[in-house]
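Have the structure open as you read.

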Amino acid sequence: MNRLNSVAIKRCVAYVGYYKKYFLFSLLSAVISVIASLLGPLYIGRAIDAMVGTGTVEFSIVFSILKLLLIIYFLNSFFTWTLTYFTNAISYRTANRLRHQIFSKINRLPISFYDKNSHGDIVSRFVNDVDAVSDGMVQGMANMLTGIVTIFGAVGFMVYISPKMTIVVVFSAMGTYFMARFITKKTQSLFKEQARYLGLLNGYAEEAIAGQYIIKAFVYEKKSLDKFAKLNQHLYEKGVRAQFFGSLTNPSTRLVNNITYTIIGVIGSVLAIIGQITVGDIASFLIYSSLFAKPFNDITAVFTQLQSAAASAKRIFYILDLHEEEDRAYSKSMRIFNGQVTFDHVSFSYNVKQPLINDFNLNVSPGKRIAIVGHTGAGKTTLVNLLMRFYELNKGRILIDNVDITTMPRDELRHNFGMVLQDTWLFTGTIRENIAYGMPDADNKRIIEAAKASDAHSFIRRLPNGYSTFITDAGANLSQGQKQLLTIARIMLIDPPMLILDEATSNIDTRTELRIQKAFVKMMRGRTSFVIAHRLSTIREADEIIVMDKGHIVECGTHDELLNMNGKYSQLYYSQFVQQN
Amino acid sequence: MFKLAVFLKAYKKECIVGPIFKLFEAILELMLPTMMVFVINNGVAKHDLIYVLHMGEWMLGMAVLGFCCSMVCQYFAARASQGFGTTLRNTVFNHIQSLSNAEIDGFGTASLINRITNDINQLQLAVAMMIRLVVRTPFICIGAIVMSMLLDLRLSLLLWGAAPIFAAILYYVVKKSSVLYSSYQKKLDRTASVIRENLAGVRVIRAFSNVKREKKRFYKTNDDLMDNALSIGKVSALLNPLTTFVMNMVIILILWIGSYHIDTGNLAKGEIIAFANYVTQILLALIVISNLVVIFTKAFASSKRVCQVLDAVSSLPKTDNGLPEKDSIIKNCDFIEIKNMFFKYSSTGDMALSNINVTIKCGETVGIIGSTGSGKSTFVNLLPRFYDVSEGQIFIEGRDVRKWPLYKLRKKFGIVPQKAVLFTGTIEDNLRWGNENITDEKLSEIIRTAQAAEFIDELPLGLKTMVERGGMNFSGGQKQRLTIARALAGNPEILILDDSTSALDFATDAAVRSEIRKNYQNTTVFIVSQRASSIKYADKILVFDDGTLTGCGKHAELMQQCPVYREICLSQLSSEEAYA
């Protein structure tokens, strides 16, 4: 196991510290149950010895031993149960704690974390990796605790009965251990290879299935199957080897155990013939040897489980160790601003190599409408990220009503903006809850007012359950236009002084857009608005148009001013109507 | 489950020989404790050292032979199960390729991949276990009981008595925990969906300062999940202690009753030791059975999921029912002709397209416009026969599309879909999909036509740049331009651009269209778009509304005659632009 793995495991173990009481109980349970299980064979041997032969069985001894055995076995089973119960409790509670921690951690991370990482991967860390750590803990802890106690206890008992035979057992157990280690080592690389090919096959299948339309359009089915079959054949070859060697662990340990069994039987018999031990001792020993070998057998399984737990733990700690965004400013009451926005010598870039916005200045009076236009990927959305403080500036300041936004709490800043994005986001819940998202305690009247103001009321009323209609699966039961109307209603309810509309209609067909446009116009009245759009027709009316190109702001002005400039804007504008041929 | 057994046919030999060897190993293993009885009863009791050593040699030999037998079995099991999985995987993949988009969407891509990998792996495991353990385990169980019956019939009754108790415990724990487990799965899904919602909606959540509320929501589902896990733990923790306890009780009973038999001289000491050993073996076998039950229940669920895929009947047309090669094409007819065409996706559903009649000449540019769900994409998907019409006919070069050999028909088309899909490989690999033998000159020509040259040239590796999975390393606009170039590489007679320039700005969009027009004059081009400006200058504009064709003609004509078209144009263009 490499060093990083053991660091990760140590950190996992630290979580056990939160549950000291549980841990003490499991330790106690382990000691009692193991000692009980070790006492069993000793007394069985004694009982057999008490059955001297025909007519000479000492019944009183036999019965008192059997009574003792009954108690011992009861204790054994009961404490085995509590051991499992407490280790389960520790590991499930740790899983719960880890999930809590990751969740509250990612809520303190900057938006760039969400933008840069695949969401599927993050979900998988939450679900699969936490499960792997928790499984590893159950297995690891229960086996470790009982294993250690068993090894020491069994050696003690065996030495007590016969030191000579103990040596045989210890050596054979070591044999089991090295055999298991050898096979795991050997198979681990084989399994890794198999997993690699499975990953390749998985990736190819994903592409091919998701891209079936293209495959059919290009008459590529045959080639695609050939590719798949080739990867599959590789997987077969690796799979047979990995599975064969992997499945040898059990027979091999069984071989060592059977050999041990025979040797103990033979040596024990010889010693019994010489008169050094009794037949009952042989019986006890045969049982001890298998008890003693068990932790060594299991060590392989525990080892693999710990490896995968450590790998998962690393992925979890990676998130928990990420740098958080700071939010020192704090004020009790939320100020509501007038909506004057000033960009003061603003510079920003996502990475150092590509400067994006350089020394940008703009002053927007309350209630004005600003449009941002430009090519795809020109960095229009960047301005939104900066206004909402999703990303931090490199240089300069953004002021709202002459207050630097970095001096106010983020919540206060964002509370002053209403934001409508291209991707409508609705959460699982009723329509009412979704509209009241920004103001959970809003009463029904205000919610309906907001819906009416955004033209959503009429379609909501027509839904089978009206405002109580449950939205599932990010709103799969609603049309794009309906979803967008709901997000507008959401903003109408909180009535913010400033608005951001980022490509809010680009997923909607133009006839539906016409209806939504009306709602937008109503919403923008009297509010400082920032509008980003592809369709130039929607932004002609703006008080100020910012034209961006390759991340830079190249032109600023009203529609007519910009057309007269004959620059980028007029180029963009007229390209809509380029005569073909 | 048994339906899938056909895939084992090729491995008949392995499936029969494997278990036989395993059985042989089990017999050897069962004989060991009995041999020990002889050692103790004959050797120790009679002080016969030579006999003890002699028997020891035999026992060692049996242990080694048993190991060899099980090695043979493991090998056969590995070959049969992996081979079974490989064949099944190929078959399922091939079947998936024959399904239509609707069927694939019905399953979901993620679910199909899961079925190809995880589910088939589960089945593979079940096959291996079947060969390795299904014969061995019951045999050890029954064998141990039979051997003990041979030793002492009355004592063996205790084992018979214990067996149903074992079974009852096993049944109770498995049943109880499997119910809890399925509710755990559901709760895990819910937790994951809350996380997913939070990841996707982070901007909105923060904009509304709702982090605290989302935390509360997550903590609740997470705590719910833990409670469920804890109750599973409580039940499953019972299995081991309970079965061990029963086993130990049997041992105590054996000692108790055995002591009377020894006293009366009906039993020897060695036999008691052997009995204890058999009890342990039975217990171990039962634990294996409980694991097997879990594996087979999982495999059963998996086999159902795999069979669902194999049972899905493709709604796509069969591939090779075209007419034999002959030059029956009537030259002077219209290039594409659609007559009284109706289409619906399922036999019970509503018509997606009704009564469409259009003729299109070779080399024309056809614009298609309409609101979402009006049938635009459906219409273009019918031309290369992704679906068959429900009524009416589609002719290409005077021949019904259903009479064309499918590969020949589709080779006529270059298709750029709405969603820009690229495959892992270099940019060049992707572009050569359309035509493997395209020359480098021709390749750079199509790249220029698709307006992709500017960004490809800026890449340090140019055409050799790797496209990552799903084209993650390219922007939406770049991907769209690459898919356009890919379609052009096949030098298609008919090019379909299905809303495939939505991520391009107007200038680039216009440039792509005018370059295509200039360089591909004989190609008939279909442009599906939501932008009026993209189709305004087409030779023929088709206006779809709710599955019907409400307008067909040039821009100026439609502005006069088609109210739907007029409404669309006026919503996007100023009136002087619209009427220009």
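## Where the chains meet

Let's start at the interface: 124 residues of chain B are in contact with 121 residues of chain A, contact being a C-beta to C-beta distance within 7 Å, with the C-beta atoms placed from the backbone. On the chain B side, the largest share, 27 residues, is supplied by helix H8 (residues 211-264) of chain B. Sorted by class, that side of chain B has 68 nonpolar, 36 polar and 20 charged residues. Here Ala, Val, Leu, Ile, Met, Phe, Trp, Tyr, Cys and Pro are nonpolar, Asp, Glu, Lys and Arg are charged, and the others, Gly among them, are polar.

A few ground rules: this is a predicted model, with local features needing pLDDT of at least 70 and side-chain atom pairs counting only at pLDDT 80 or more, while totals for chains, interfaces and linings use all residues. Residues are numbered from 1 along each chain as its sequence is written, with chains lettered from A and ligands numbered from 1 in the order in which they are written.

## Domains

Chain A is split into domain 1 (1-162 + 311-323), domain 2 (163-276), domain 3 (354-416 + 498-581) and domain 4 (427-495); the bounds come from an automatic or database domain assignment. Going by C-alpha atoms, the centres of domain 2 and domain 4 of chain A are separated by 56 Å.

Chain B gets domain 1 (1-150 + 291-314) and domain 2 (336-579). Their C-alpha centres lie 54 Å apart.

## Helix against helix

Within chain B, helix H5 (residues 136-151) packs with helix H9 (residues 269-311) at an angle of about 160°, the axes being 8 Å apart. Helices are DSSP runs of H or I with at least four residues, strands are E runs of at least two, and both are numbered from the N terminus. Axes are lines fitted to C-alpha atoms, for helices over the stretch in contact, and angles between N-to-C directions run from 0 to 180 degrees. H5(B) and H9(B) are therefore roughly antiparallel (an angle over 145 degrees). H5(B) passes H9(B) in a left-handed crossing, where the near helix is turned anticlockwise from the far one by less than a right angle; clockwise would be right-handed. The residues making this contact include Ile140(B) and Ala144(B) of H5(B), along with Phe275(B) and Tyr278(B) of H9(B). By class, the contact has 13 nonpolar residues, three polar and one charged.

## Strands

Chain B has an open sheet of four strands in the order S2-S1-S4-S5, with antiparallel pairing; strands pair if DSSP finds at least two bridges between them. S2 (353-360) and S5 (399-400) of chain B are at the edges with a single partner strand each, so one side of each has no neighbour in the sheet. Strand S1 (residues 336-343) of chain B pairs with S2(B) over five bridges, and Ile336(B) stands opposite Ile360(B) in S2(B).

In chain A, strand S1 (residues 341-348) pairs antiparallel with strand S2 (residues 357-364) over five bridges; Thr342(A) has Asn363(A) as its bridge partner in S2(A). S1(A) also pairs antiparallel with strand S4 (residues 395-400) of chain A, over five bridges, and there Ser347(A) stands opposite Lys395(A).

Definitions and conventions. Contact = placed C-beta atoms within 7 Å. Parallel < 35°, antiparallel > 145°, perpendicular 65-115°, else oblique.
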